[in-house]
Structure formats: C-alpha cells, structure tokens
Amino acid sequence: MVSTESLSWIVSQFKDTKELTQKELEFENKKMTVLYIKSLIDQELFQQYIVNPFFEMKTEEQFRVYLTALPQFQEVQSKEEGLFYVMEGNILVALQENLYAIDFKLAKNSDVNSTSVETTIHGSELALSDNLMTNVNIIRSFYHQPSLIIEYYLKGEVNKPKVALIYDQEKVKKKALEIIKEKLQQIDKQIITETPQFNNFLNDKRFSLFPQMILTERPDRVVYNLAGGKVVLLVDGSPQSMIAPAVFFDFMTTMEDNYHTLFISYYLKMLRYFGIFVCILLPGIYIGAASFSPEVIRTELMLTIAGSRMGVPFTSFVEVLFMLFFMELLLEASIRLPKAISATAATVGGLILGTAVTEAALASNIMVIIVSAVAISTFVIPVNEMAFAIRIVRLFLIVIASIFGLAGLTLGLLCLIMYLVNQSSFGEPFLRVYNYGKGDKKSEGQA
Amino acid sequence: MSRYYYYLILINMIANIISAVPTILLHYRQEGAVSALLVGMVLGTIIVFVYTKFFNAFPGMTLPELLVKTTSKWFYYPMLFFMAIMWYIAGVSTLITYTFLLIRYLTPDIPIMLVGLTLIISIIFGCFMKTDRVLYTIEIIFLINFPIIVFIIIKAYTNESLNWDFIMEAMLHVVEMPNLNVIAACIFLSLGVVNLVIFNRFFTNKQNFGLKQIIVIAFIAGATIFTTYFIPIGFHGYTAIEELVYPWVATSDSMRMRYFLIERLVYVFLLLYLVMAFLSILIHWHVAVELFKFIFKFERMKYKGIHYGYLIIVLFFTVASLFLIVTLTEYQLFQYSKIFFNLTAVIFFAMFFVLFYVSRRMKGADNKDSEN
C-alpha cells in the first residue's frame, strides 16, 4: 500500500473545492501527512490526541504504536475506503507508507430528543436522537445480549447515509429477516433522508394503504420489539426507527400498557379498540339510521335525531361528508401551522365553525357531536401511521353506507377485516388472533 | 382439536338458522319432526366422526390430492366437479335466502339485483384468499360476534314470552315415525365438517380427536337443533308457527331490549346473521373455488401475465347467482332447499365408501413406500 499515491488520488477527487485540508507535518526526523475535512471533525480532539503527541514523542515508530492504540483507530485498506472515511469525518494519517483513519467525527446532532409523537405518562420521556451512533449506543445499552447483531449498509446513491439493521440473532424471525435483507439489496434510490421512507422502499406493492412497519421514536418500544424477534431499521440523521414485521395489534399497543397494573391496562386497551370502532363506524351508522332504516334505532332517539336535522337542507350523506371534510382540513392545517397560530385555528375551527354551522342549519347538532367524537377517537390510536390509514378507511365506509345503508356498512367492515387478514407484513399475516396460552405447541400449520 | 376445526362446524350450524332448515323442521312438526331431530343428531355426529377420523389420518392433505394418489382420472374429475357444484349451491342458497331477508326487512327500497350484487362482490374476492387466511378471517369475525350470539341466546331463554308449555306440547310428538326430510335437514346442520376436503390443508399436524371432542360436538349439535326447533314454538305457539315464513326472524322480533340504543332485537339479529351468512358463504365458496381451480387448472390460464382464469370463476359465480336470485321465489327456494338437503345427506353418507376405499389404498401405498 503506497500511501502517497492514495493520498493524491483522494485529493484529486476534491480538486475544485476548498473543503479538504492537507497538512504535512515534519519535526525532528518524524514525518506524517494528515488529511481531513475541517467542518466534519472535532478539532480539539485532533489537536489533543494527534498533533500534541506528534511533537512530544521521540521516534516515528513510537508515534505509530501510539496511534494504533487509540480507540478511534482503523487501518485503511484501499483508496476508495480512504475517501469514504474522509467523507465520514475521519482523519487520514499517512505514516511510514501506511494509511490510517482516526475517527474524530464531530456530531452536533447527537443529543437525545424528548418524545414528541409518542408521549406517555409513565415511562421514559427520552426518544431516539438524530445521530445513528448515539441511537445504536442507546439500543445496545438497553439490550444486553451478545446475540444482538448490527449490520450497516450504505443506501441512496447520492447522499449515501448509513443504514443500520439491528436484530437479535437468536430470536429474530428468520423468514422476515431474509425478506428484508433481500429487499434492502434491491433498493436503488437517489436520496434517502428519513427512516419512514423504508416503509415504501421495502414494500413491493404500489397501492398499499396500511403500513407494514411500525414507526417509533421510543427506545423502549425498540427494545421490546427486538426481544420479540423483530428487525429494527435506523438511518443516520433520522430520529425515528422502523420496526418490521408489524402486525395490526402492534399498532394498537402503547408501551404504557406494560407499565400499568393489569386491570388498568386492559381497561385502556378496551377503550382503544372501542375508539377505533367508533371512529370507523359512527358516521356510517348515522347515515344508515338517518337515511335508510330509521326503525332500527329506538324511537325516542330517532325522533331526537330527526328533530335536530329539521331545517338541514342536505341528505345525511352530504352532511357527514361536509362536516368531516372541514374536520380533516382542520387536522391537516394544525399540523402545518406554526405553534403560535395553531391555537387560533382550533378556536376558529372548533368553536366558531361548530356553533355557526348548526345555527345556519347546514348541519345538525348531533352531526357536530358525531364529528367531534370521531375526531377524538381517531387520536386514541397510539401509532400515528395507523391513524392516517383509518381516516381513509372511514371515508370508504361512509360511501358504502350511503349506497347500501346499515347492511352495506356491516359488509364493508367485514371486507375491511378480510383485507387486513389478507395483507402480509414480511411473511407474517397482518391480522390474526394469537393464542398466547398455548405457547409454541401448535396443532395446525400454515397453508 | 385445533380451534379452527370447531369454527367450521359451528359456523355451519349457526348460519343455518336463517336458511330453510328451521322452516323445514317446523313444517313437519306433526309428521314426526321430534323423533327425526334425535335421529338426525345421531347421524350428524356420526358424519362428523367419520370425516374427522378420515382427514385426521392424512394431515395436511386435501381430498383432491388423496383422490389423485388413489383413484383414476375418469373417477375423480367428474366427482370433484360434482362436489364443486354442490358447494357452490350450498353457498348460493344461503346467499339467496339472505338477499330475500334483506329485501323484506332491512332495505326494502333497494333493487334486488343491487342487493345480491353487493353481497356477491363483498364475498367473492375473499374466496380467492389462501386457506389459512380464510380461517383467520373467520376466527376474527366470529370472535367479534360471539358475545352477540350469547346475548341473543340468553335473551331468548330468559324471555317472559317464552312459553314452556308449548315446547312440552311439541315434545309429546316424539313417538311418531321420524320424518326423512327433517332428518336430512338436521344432518345438513352438521355438514360443516365436510369442508375439511379443502380446509384439511391447514391442519398439517395430527390432531387429537377422541371421546371428549365427540361429546363436545354432539352437545353443540344437540343444543343448536333444540334451539332451532323449540324456541320459535315456545314464542309463537304450536299452531300459530305454521303461518311464519321466517320463523327465526319473527322470533327475534318478539324480543325487546328496553334500555338499549336499539330497541328491537330483530335488527341486531339481522345484522348478526348478515355476518354469519357472509362467513358461511365464504367457507362454502372457498371450497368450491379451490375445487374448480383443481379441476380446470385456472392458474395456468395466463394472457400477458394476467390470470384471466380467475376472472372466469368470478364471472360465473356472479352471473349464475344473480340469475338465481332474480328467478327464484321464496316458495321455490324452500322446495329446492329441501331437495338439496336430502341430496347432500345421501351423498355424504355414500361418500363413506369413497373414503374407505381411499384410506385402504393409501395404507397400501404407504406400505409400498416403506418396502421400497
């Protein structure tokens, strides 16, 4: 390995820019060349651990041994590897015809974030960070098993971020791991910036509604799923991780379920499932009952609904779509708005629109209640990805209910369940009932 | 036994409460229905026992696969074709019954073609799912609805209007000669087990099938038959029951939930049975589709990567069902159902010989394999 040749090749790659710094140091018959990108390295470390010792040590050989002893030390095998190390924030040291890389990467994004999407009352408030190595550090320090495997890939042809694939070798579902690795090889994208993109990259289907991987920012969820035999994907620069394979019930659990007492956690789970049914079915039931078969609901209630609809010029279908449309707009707007204005949006949308719409007789009072109930119950779904999918499913069920009434709504729900069961997430059926009591003793196979 | 096995039997029993079965049972109530119920229950349990024993001996194998190994082409192709038609009819009879029910009770202002089409479209694509996915669907939907079933049963048995004197009166007719039509209808309730001809693909491990399981199944069969026959009589009286076309819908309409959002139980009942009919048709048509796929090898029919073979099945199922829905009347449906039940009862007993032959040949084949 001739170091000067490699060095000049690497320098020639950067020929038109001023990013790269090259320094020849020569002192008392010691000689070395360093190569680094100034904005990427920690300059204090560089001075303390490389520059100072270079001038203090007696011989070149002593300095070389000192360098190899550094924990950040790595030997460079080829010039392409050298180029990669420089771009990553290493310092290349050419010494006695040898080329070494010392990792003095300066990462300003390595602070651990606090949870903003999956907040809980019990449990940790800390989320993952934007820095891959910090995240790996967090996961490793939460998961003490020698069987934990971390594999690194470079994906994205232009920006080449580091992608980490993490799994427990002994517990991982072999079939899912195989599929994920195979699909990772097939990715050919120019730019990869965030982990959630992998949800689409690893998915063969062009039209898919439900997410096949869970997006999470909580280290405890990552560790919990690693122990459950799942695979975790991390991308450098993204504070979120993807977990695969994911089944429907994963999207309905919060980590808090494990931190509560048994009855409380069952109660909360029940509440959540009830919420998801309300959120999908309530608008459809309203349409079916108000427009198709008013005799289904008990008479007193139906009279109240009819009375409240008095003066409303639309059919129940238009009324529901009208109100839902504004609710969805409000939801979408409040995500994009700066925090200072979002309070105004809530007031305008919730209070003014809500009351004004009923006073102008564009929607009934009961409709406003239903829309707000639906909106609230959407927020009960713990993982955000699922909430988005459910919002679309709801529209679909509203359309069916307006064509075919309550029977159509029931059929639509059955079809939804059938669709969910037919989905697979990396070889696992997306929705099925698991029998935990039986352990591994299964009396049937897969067909 | 695996829990999925029980779903196959249970769904068939529960779903038939809305089909012509209760009408047939109640129609012959003075011509030997009660004794026929007992005979039918015993024969039904025998069928369950024989079919389960047979398929349990060949875990993971479907009947077409077994027939290919043991019989020749001229025998198994016509037989499987005939079976596929049978399963199609079983599904379509439930479909037509439920379409009539919907038109009558829930959506009277929607054209009958549209009702039928909606039902067919929502089910037909599910029939092409893999067998294990069909079973998972069944399980989830069944578990969601199970509390409602239990609620309706409790509600029926604890209702004040249920007059046990009528039931006693009906029971007195036990001494009459059993009626053949009623026996066949009773046997049809237990025929859910025959779906194993395809669903056995899922049970790849040898199942544990002994006295305990038989007792459970016999008990379920007995309870279902008792409820199907005697509860409507208890509500409406021994003579008045004659005038009802759908005895069970009328029975559920006799119950009332005084404090609930929905006051008349009949709507809960109708929506519950929409679900049960859906599951029953899904099971039957899945078997029919799989058998047709085996006979005509639809997966080989390809044009530019599109499997148009499956389209043929979808079209055939849709058009034939719609034609039947439009042409049949309720009375004809009742008559044809009776014939169909009689036919199935005879055929599935006659199939015992085929099963016996197959299992003998399979034993021979196994021995030959081990010798080689």
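A residue counts as buried if 20 or more other C-beta atoms lie within 10 Å of its own, as exposed if 12 or fewer do, and as partly exposed in between, with C-beta atoms placed from the backbone. This is a predicted model, in which local features need pLDDT of at least 70, side-chain atom pairs count only at pLDDT 80 or more, and totals for chains, interfaces and linings use all residues. Residues are numbered from 1 along each chain as its sequence is written, while chains are lettered from A and ligands numbered from 1 in the order in which they are written.

**View 1. M168(B) in helix α8 of chain B.** M168(B) sits in α8, residues 164–171; helices (H or I, at least four residues) and strands (E, at least two) are DSSP runs, numbered from the N terminus. M168(B) is exposed because 12 other C-beta atoms lie within 10 Å. From Y7(B), M168(B) is 161 residues away in sequence and 32 Å away in space, C-alpha to C-alpha.

**View 2. I10(A) and its contacts.** Helix α1 of chain A, residues 3–13, contains I10(A). I10(A) is buried, because 23 other C-beta atoms lie within 10 Å. Two residues are in contact if their C-beta atoms, placed from the backbone, lie within 7 Å. Leaving aside neighbours within four places in sequence, the contacts of I10(A) are L35(A), K79(A), G82(A), L83(A) and V86(A). L397(A) is 387 residues from I10(A) in sequence, and the two C-alpha atoms are 60 Å apart.

**View 3. Domains of chain A.** Domain 1 covers 3–103, domain 2 covers 112–246 and domain 3 covers 261–429; the bounds come from an automatic or database domain assignment. Between domain 1 and domain 2 of chain A, the C-alpha centres are 33 Å apart.

**View 4. The largest nonpolar core, at L279(B).** A nonpolar core is a set of buried Ala, Val, Leu, Ile, Met, Phe, Trp, Tyr and Cys residues joined through C-beta atoms within 7 Å. The largest one has 153 residues, among which C186(B) and L279(B) touch the most other members. Helix α13 of chain B (residues 265–296) gives the largest share of this core, 22 residues. Not counting residues up to four places away in sequence, L279(B) touches I11(B), A15(B), I138(B), I141(B) and F142(B). A second, separate core of 33 residues includes V172(A), V231(A), L233(A) and F426(A).

**View 5. The contact between chain B and chain A.** Chain B contributes 35 residues to the contact and chain A contributes 29. On the chain B side, α5 (73–106), α6 (112–124), α7 (131–157) and α13 each supply at least two residues. The largest share of that side, nine residues, comes from α7(B). The residues of chain B that touch chain A divide into 18 nonpolar, 11 polar and six charged; Ala, Val, Leu, Ile, Met, Phe, Trp, Tyr, Cys and Pro count as nonpolar, Asp, Glu, Lys and Arg as charged, and the others, Gly among them, as polar.

**View 6. Chain B as a whole.** Chain B has 15 helices and zero strands. Its C-alpha atoms fill a box of roughly 70 × 50 × 35 Å along the principal axes. Of the 372 residues in chain B, 44% are buried. Chain B averages a pLDDT of 88, and 98% of the residues score at least 70; pLDDT is the predictor's confidence in each residue, from 0 to 100. The model scores ipTM 0.92 and pTM 0.89.
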